[in-house]
Amino acid sequence: MSFLQLTNINKKFGSTAAVDNFNLAVEQGEFISFLGPSGCGKTTTLRMIAGFEYPTSGSITLQGNDLTFTPPNKRNIGMVFQSYALFPNMTVAQNIGYGLKIARKSKEAIEARIEELLTLIHMENMGARYPYQLSGGQQQRVALARALAIQPQVLLLDEPLSALDAKIRVELRHEIRRIQQQLDITTIYVTHDQEEALSLSDRIVVMNQGGMEQVGTPDQIYNFPETEFVARFVGQINLLPVEVVNPRDGVIKIGDHLLRAGRFGKLNGKPVRLAIRPEELHPGYLEGSNNLSGKVGSITYLGSIIRIRVDVDGNPVSLDVFNERKFKPPSVGETYQVNFPVEASWLI
Amino acid sequence: MDKSLNSKRVTGWALFWTIAALLYFFVPIYGTLDFSLRMKRGEISLMAYQIVFSDPRFLESFRYSALMGVITIIVSVLIFVPTVYWIYLKLPHIRPVVEIITIMPFIVPVIVYVFGLIRTFGKPPFQLTMTPFKTDILMLAGYIVISMPYMYRAIDVGMRSIDVRSLTEAAQSLGSNWLQVLFNVIFPNLRIAILSGALICFATVMGELILGDFLVRPALGPYMASIGKTKAYEPAALSIISYVLTWISLGFIQFFSHGGDTQQQITGR
């Protein structure tokens, strides 16, 4: 039996299905991310685990105990909110110790736990401050410490970094992961930021319109997307309409270019497209690889990456190259050749 | 150049209107004060004040109104804070209806309300006018209704300034039940709003005349009205004393309601 099990979870608001047939088994100590666009149902699912919403149907069990309709204050599940939700009338120490005070722990036990957590979040001398005296990053650390203070069985985080600037986000997400691994606490993290999900998670659940698109490790999600939505949502993707020449061997044609797809499954005459990540495309012609040529449409500088868009028989193809000094980018309008390994592409 | 001229004009007008407002407010008070000190012909004296203070009915009526004011505040807070909280959390769609109900005291004159109270509670089966204690309960209910628009609005504004839902859910995730959420999180964060409602509520009770007059209770309003019918200098002295005592009472309320070092608070919204 899994540590946390969500079985056939459905949630309707009126006639709208916010979550549709959600099934997930989470093992102890796992870090799972729910990833998807706004409105896909990831926060609703998280709130059902927390107990702030009840499912229309389905069940949630934790260590074999049915939690489906248990009130939130009886679940021993810690939560970190997007808005931090620190209690403005309490100091940092009081915020962290609040759950322990409610649980009627002794004063000494509360103080010891507060000290321990302040050290964990590197805010040892800030116990007497109020939330309004802290930066956004500090507030989020306190919110995390407060959720961990009660030693919850599961830790839930609802887009905890979305209100912070990019640099703090990167620092804090490493911090969150470090603490999670140190405490070995089962964690579910909701985000719309694929970089966060890919860098933090043991597994990712990609959601769309209330349903699960795919569950897998970051490698599986990124390199082996099972649906077009996952391919498009996670990372950049080129999707080129193709003509199937040999369905058994995955031989396809784009204009005058004869290519082979790395993964193709059963092709039964339906329109298909060739999927290839921009970083898998390389400048120039390479024997033994798939090769395309076209006119350069645009060149975009993204810092460490240069994105070159090439129009291949009317289809835009983007390739990403590192912005190395030795690399000489082409000119717009120039005829340009690109190549990619057969195994890096697949048919959708 | 133009901007500095404009700012001088703005400052001049602001100063003019400030002085005008201060004069409008303080000149009548000064006039009343001056009149109250002229009981002895030809000299300044405190005789009117001595007469007022020596009247046992004055202290009795002030004590009564002040006590009713405090009890009205406490009961109003205990009724309205949970009500507004629940509306925000679970029933936001009925807010417009509740807002209309809370402005009814502005629309229905107090005299009509008092007659309704007397008609309903002046005879069995709900007779509450036969003993002072039961009549005080009626008075209290009356004061709560009269001050309802102010107290409700003050709390409503306070609720808007805090993220009620997130704070509630955070407290629940840490093991709090509803009562604990209310008293540990919601009430403390509404202190400023409750204080502002309490101040207006207290002032309303202290100055209220009709309820006390028709229910025949020793409130300050009816006492001042009765003194005004038969005396000249004593009502002026009484007005000044009432002003001072009411402001001192408000100061006490503010002092005891003011929390430690919380100062400006944000919720991280």
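## Chain B

From the N terminus on, the elements of chain B run α-α-α-α-α-α-α-α-α-α-α-α-α. That comes to 13 helices and 0 strands. Helices (H or I, at least four residues) and strands (E, at least two) are DSSP runs, numbered from the N terminus.

The model is predicted: local features need pLDDT of at least 70, side-chain atom pairs count only at pLDDT 80 or more, and totals for chains, interfaces and linings use all residues. Residues are numbered from 1 along each chain as its sequence is written, while chains are lettered from A and ligands numbered from 1 in the order in which they are written.

The C-alpha atoms of chain B fill a box of roughly 80 × 75 × 35 Å along the principal axes. Of its 269 residues, 30% count as buried (20 or more other C-beta atoms within 10 Å of the residue's own, with C-beta atoms placed from the backbone). Among contacts in chain B with a separation of 6 or more, 75% join residues 24 or more positions apart; a contact needs C-beta atoms, placed from the backbone, within 7 Å.

## Nonpolar core

The largest nonpolar core has 144 residues. Such a core is a set of buried Ala, Val, Leu, Ile, Met, Phe, Trp, Tyr and Cys residues joined through C-beta atoms within 7 Å. Helix 7 (residues 132–160) of chain B gives the largest share, 12 residues.

Leu156(A) is one of the residues with the most contacts inside this core. Its contacts include Leu46(A), Ile49(A) and Ile188(A), not counting residues up to four places away in sequence.

## Sheet in chain A

An open sheet of 5 strands has the order 13-12-11-14-20, with antiparallel pairing. Strands pair if DSSP finds at least two bridges between them. Strand 13 (257–260) and strand 20 (345–347) of chain A are the edges.

Strand 11 (residues 238–246) and strand 14 (residues 272–276) of chain A pair over 5 bridges. One bridge joins Asn238(A) to Ile276(A).

Technical notes:
Buried ≥ 20, exposed ≤ 12 C-beta atoms within 10 Å, placed from the backbone. Contact = placed C-beta atoms within 7 Å.
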